[in-house]
Amino acid sequence: MSALSFRNVWVEYGDQIVLERINLEIASGTFLSVVGPSGAGKTTFLRLILGQERPTQGKVFLDGESFPAEPGPDRGIVFQRYSVFPHLTVLGNVLLGYEFAERRFSARLLGAARRKALEHSRALIDAVGLSEHCEKYPSALSGGMQQRLAIAQALAKQPRVLLLDEPFGALDPGTRAQMHALIKPLWRELKMTIVMVTHDIKEAFGLATRLIALDRVRRDPQAPERFGAKITYDLDLTRDSTVPVLGFVRAQAQQ
Amino acid sequence: MTRAMNIVPPRGGRILLAILPFLVIALVYVIGSAERRAANPNDKLLPPVSEMVATTQRLAAEPDRRSGEYVLWVDTAASLQRLVLGLGISAAVGLVLGLAIGLLPVAGAGLGTLIAVLSMIPPMAVLPILFIVFGLGELSKVMLIIIGVTPMLIRDLALEVSAMPREQLIKAQTLGGSTWQIAIRVVLPQIMPRLIKCVRLMIGPAFLFLISAEAIASDVGLGYRIFLVRRYLSMDVILPYVAWITLLAYLFDLALVHLGRKAFPWAFVQEPR
C-alpha cells in the first residue's frame with residue numbers, strides 16, 4: 001500500500017504562487033508521469049512528496065497519513081544528476097542504505113551482517129545490469145550507468161514511493177530506451193508507486209499508467225506570479241481505462 | 001607551426017627543465033660568492049659552498065661543545081613537533097567546525113560570522129597575548145600556528161560542504177541516513193581531499209608563524225637558530241637552515257599529495273566516459 005493524496009495543496013513563495021488548489025488521489029501502484037512547461041511547478045510537485053518542500057496550504061498524505069517535512073526512506077528518489085556518491089564504489093553506494101539502517105552510530109557493517117547486506121546489494125546491482133562494475137567509482141561510469149546505480153541504490157530501501165526527477169533527461173536516446181526497458185519491469189515486480197517528472201512526452205505516455213499535466217491556466221500580464229499552476233489534464237493510460245487516452249478530458253477536480 | 005601552448009615536453013625533458021632553474025641559481029650563487037671572496041677574503045655575505053657544507057656537517061654530525069647535542073637534529077625535531085602539532089590540531093578543529101558550519105544551518109548561522117571576523121585577526125598581533133597567557137613554552141608556539149591556520153581551514157571546508165550538490169544530501173536522507181550518519185559517511189569523506197589540499201597550502205603560513213614565534217621566544221628550533229646566529233652574520237648557518245626548512249616544507253607537501261592519492265583514489269579517477 002502506498003497511495004498518495006493531495007488535498008487542496010497550495011505552494012507559494014512570498015507573493016509568487018507556484019501551485020494552486022491541487023487535489024489529487026494517486027492509487028497505490030500507479031506509475032504517474034508529470035509533464036508541463038518549464039516553471040509550471042513540476043519539480044515543486046515532486047518535492048512536496050519528497051518532503052523537501054512544505055505546502056503553504058493543504059496537506060499531502062501517504063496512505064492517509066501525513067509525513068514529516070523532510071526526506072525519508074519510504075520515499076526514494078533518482079535525480080537527473082548527482083544522485084550517487086562519488087567517493088563510494090558501485091557496491092559501496094548500494095550498501096550504504098543497509099549500513100544506515102543497521103548501524104546507527106558507525107554506519108558501517110562488519111562480518112556476517114556485512115556479508116548479508118553485500119548479498120542483497122549484489123542482487124540489486126545485478127537487477128540493474130551493473131554486476132561487472134561493482135568495484136568501480138561512479139566517475140568511471142557512463143551517465144546511463146550512473147542512473148542505473150541511482151535506481152539500485154533507491155531500491156535498496158524498498159521505498160513505498162519512488163520519485164524520478166527527469167531521470168533520463170541527460171541520456172542519449174539509445175541509453176534512454178534501455179532505461180525505459182529497465183524501469184518498467186522493476187516497477188511491475190516491486191509494486192511500488194512511481195512518480196516521474198519528465199520533459200519527454202513520449203516517455204511520459206510510454207511508461208506511465210497515469211499522466212497529469214501541470215500548467216498555468218490563467219495569466220495576468222501585469223502580475224505573472226499571481227496565478228499558480230493547476231492540473232490541466234489527468235489521463236488514465238491503462239488499457240482498460242474508461243478515459244480515452246487521446247480524448248484529453250479535463251480534470252474534474254480542477255473545475 | 002605548432003602553437004607554443006601545444007608543445008608538451010617529454011618526460012625526460014620535463015625533469016631536465018625542472019632541474020635547470022635550480023642549476024642556474026646555484027651557478028649564479030657560486031660565481032657571486034667567488035667574486036666577493038676574491039675582493040674580500042673575510043666576506044660573510046655569500047659564503048662558498050664548501051664552507052656551508054663544513055658548517056652543516058659540524059651542526060649535524062658533531063655534538064655541540066656546550067650542550068653536547070646535535071644542533072641541527074635537535075632544532076629540526078623541536079620545530080617539526082610544533083609544526084605537526086599545530087597543523088594537526090588545526091586540521092582536526094577545521095574539519096569538525098567546517099563540517100558543522102557547512103552542514104547544519106543552525107551552526108552556520110551561529111558561528112559563520114564569528115569565524116569570518118576571527119579569521120581577520122592578524123595572528124602576529126595576538127602573539128604577545130599568547131606569550132602572556134600560555135607562557136613562553138611549546139604551547140604558545142603551537143597556539144600561534146593554530147590561530148593562524150584554523151580559521152581559513154574552517155571557512156574553506158564549510159564552503160566545500162555547502163558547495164556539495166544538494167541532491168546528494170537529499171538522496172542520503174532518502175536512504176535513511178541520520179544527520180550524524182550522513183556527516184560521517186557522505187560529507188566527511190568527500191571533504192577530506194579538500195582538507196589535504198588546504199593543509200598543503202597552509203604549510204607555508206604555518207612555517208611563517210612557527211619561525212616568528214621561535215625567533216621571538218625560544219631556546220631551540222630552526223627559527224631560533226637562524227635568528228641567534230644572525231648576530232654574527234653567520235650566513236654559512238642561515239643559508240643551509242633556510243634550504244633545510246624549504247626542503248622539509250616541500251617534502252611535507254609531497255607527502256600530503258601522496259597521502260591524498262592513496263587514501264582517496266576516487267577524487268583522482270578521471271577515466272574517459
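**Notes on the predicted model**

1. Two residues are in contact if their C-beta atoms, placed from the backbone, lie within 7 Å.

2. This is a predicted model, in which local features need pLDDT of at least 70 and side-chain atom pairs count only at pLDDT 80 or more, while totals for chains, interfaces and linings use all residues. Residues are numbered from 1 along each chain as its sequence is written, and chains are lettered from A, with ligands numbered from 1, in the order in which they are written.

3. The contact draws 28 residues from chain A and 21 residues from chain B. On the side of chain A that touches chain B, α2(A) gives the most, with four residues. By class, that side has 15 nonpolar (Ala, Val, Leu, Ile, Met, Phe, Trp, Tyr, Cys and Pro), four charged (Asp, Glu, Lys and Arg) and nine polar residues (the others, Gly among them).

4. Chain B has ten helices and zero strands; helices (H or I, at least four residues) and strands (E, at least two) are DSSP runs, numbered from the N terminus. The C-alpha atoms of chain B fill a box of roughly 75 × 65 × 30 Å, taken along the principal axes.
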